[in-house]
Amino acid sequence: MRIAVVWNHGTPLSQCSFRFEEYLRGLEELGHEAFVVCPESSDDGFPVPTFSPPPGEGLASREFWFDLRVQAAIVPSFHQMSHLLELLVGIGVRTIALGDSDGQMGLRAFPLATLRRMVYAGVSDRRQRRRRFAKLALRYLRSVQRRDPQDAEFLRSARFSDVLILGNAESREHFRRFLRTAGAAGHADRVRVAPLAINRVFCEFPDLDRERRGLVAIGRWDDPQKNTPLLARALGRYLASADGGADVPVHIFGAGGEECFHRLCERFPNVIHHGPQHPPVLAEALAGSRSIVFSSRWEGSPHAGCEALSMGATIVGTPIPSLRSWCEDGAYGRVASAHREGPLARAIANEQAAWRRGERDPASIAAVWRARSSGRGVCEAMLAALS
């Protein structure tokens, strides 16, 4: 098949965390012809085959799509982009939409999850917060009456997706609940599971047998979603406990969070805040680490989780859908009982104890997750769902 990976979010390709090259490589390994379709403004020379519509026309040009002779399209839609998906379906293109959410969509189906995201959206002004709450109340009423415009867009996007991919089983069940609540249970079978494809370095790194003692954390630490203060407090509590110890290396990667991490690093010299680093550096750190630690308030399908698992490390984190699903009842890590420092510190200690007891086999963990998270594995799962 001729398959397009479609990017329609304005961001230059080279600045995206989405691994275009891994999807193209995976599709080509499966025998398909693949390329990226994006607006000219996003094509900044990233080394993948690209096609862009003529200036001024945009991806809504039917003639452009007819000329490409595309048979299927992979569209990171984030539960939106319904008009583009409708256009593609209307000209006979099979659509695979990537939601990359925890599935907790819609105020009627998931009021608390929606409220949590709103509260931590970085608005501190009381007047702005009151306005947001007023809008939220109005949206809730509209959602109950099935008249909320945002819910309507989520539904349209699902309707015009032959397959809607979410990154884990719990998120899939959440979104199916949203569909049932919105009176669209007939679309539920379209919702399938596959993680996001990760950089090949995490699937091809050869040295998985080295000694593992440490912990890794990766994130955009200025984002309220990541709950940086919780991570710093939980790590501090674990390292100061009898189960911890000043000899456990902790590597923190990603921009932001300097204030929280500076105090932690001063207290524990074994904690190093590296800032942003490229994938080979992250792979080196993960190869010597037992677990990756998450403190997130919410996530969709975080690349870092699959990167760590594909390197043979396990997951420790807050009780959110992706991490609960990926831990698979303790086979690949564990989640805390609550979003608090005590439960998260205990989860870290308990997972470290599992490693000391010999209950974790990095090579076996990596083998399972490399098959799932490689470009080929992800594309194979998506195309199987499409067929």
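This is a predicted model: local features need pLDDT of at least 70, side-chain atom pairs count only at pLDDT 80 or more; totals for chains, interfaces and linings use all residues.

Guide: Let's chat about a helix pair, then a pocket, then the cavities.

Visitor: OK, helices. At what angle do α12 and α15 pack?

Guide: About 135°, with the axes of α12 (residues 303–310) and α15 (residues 362–373) 7 Å apart. Axes are lines fitted to C-alpha atoms, for helices over the stretch in contact, and angles run from 0 to 180 degrees between N-to-C directions. Helices are DSSP runs of H or I, at least four residues, and strands are runs of E, at least two, numbered from the N terminus.

Visitor: So what do you call that arrangement?

Guide: That makes α12 oblique to α15; under 35 degrees is roughly parallel, over 145 roughly antiparallel, 65 to 115 roughly perpendicular and the rest oblique.

Visitor: Which residues of α12 and α15 meet?

Guide: From α12, Cys-306, Leu-309 and Ser-310 meet Ile-365, Ala-366, Trp-369, Arg-370 and Ser-373 of α15 (contact means heavy atoms within 4.5 Å). By class, that contact has 5 nonpolar, 2 polar and 1 charged. Ala, Val, Leu, Ile, Met, Phe, Trp, Tyr, Cys and Pro count as nonpolar, Asp, Glu, Lys and Arg as charged, and the others, Gly among them, as polar.

Visitor: New topic: how much space lies in the second largest pocket?

Guide: About 240 Å³. Its lining has 16 residues, and Arg-116, Arg-297, Pro-319, Ile-320 and His-339 lie nearest the centre. Helices α4 (111–119), α7 (169–181) and α13 (321–327) each supply at least two lining residues.

Visitor: Pocket, cavity... what's the difference?

Guide: On a 1 Å grid over the protein atoms alone, a cavity is a set of points where a 1.4 Å probe fits but cannot get out; a pocket is an open set with protein on both sides within 12 Å along at least five of seven lines, and lining residues have an atom within 4 Å of a point. Grid points are joined across faces, edges and corners, and a volume is the space filled by probe spheres set on the points.

Visitor: How many cavities of 30 Å³ or more are there?

Guide: The search finds 2.

Key. Residues are numbered from 1 along each chain as its sequence is written. Side-chain values use heavy atoms; hydrogens and water are left out.
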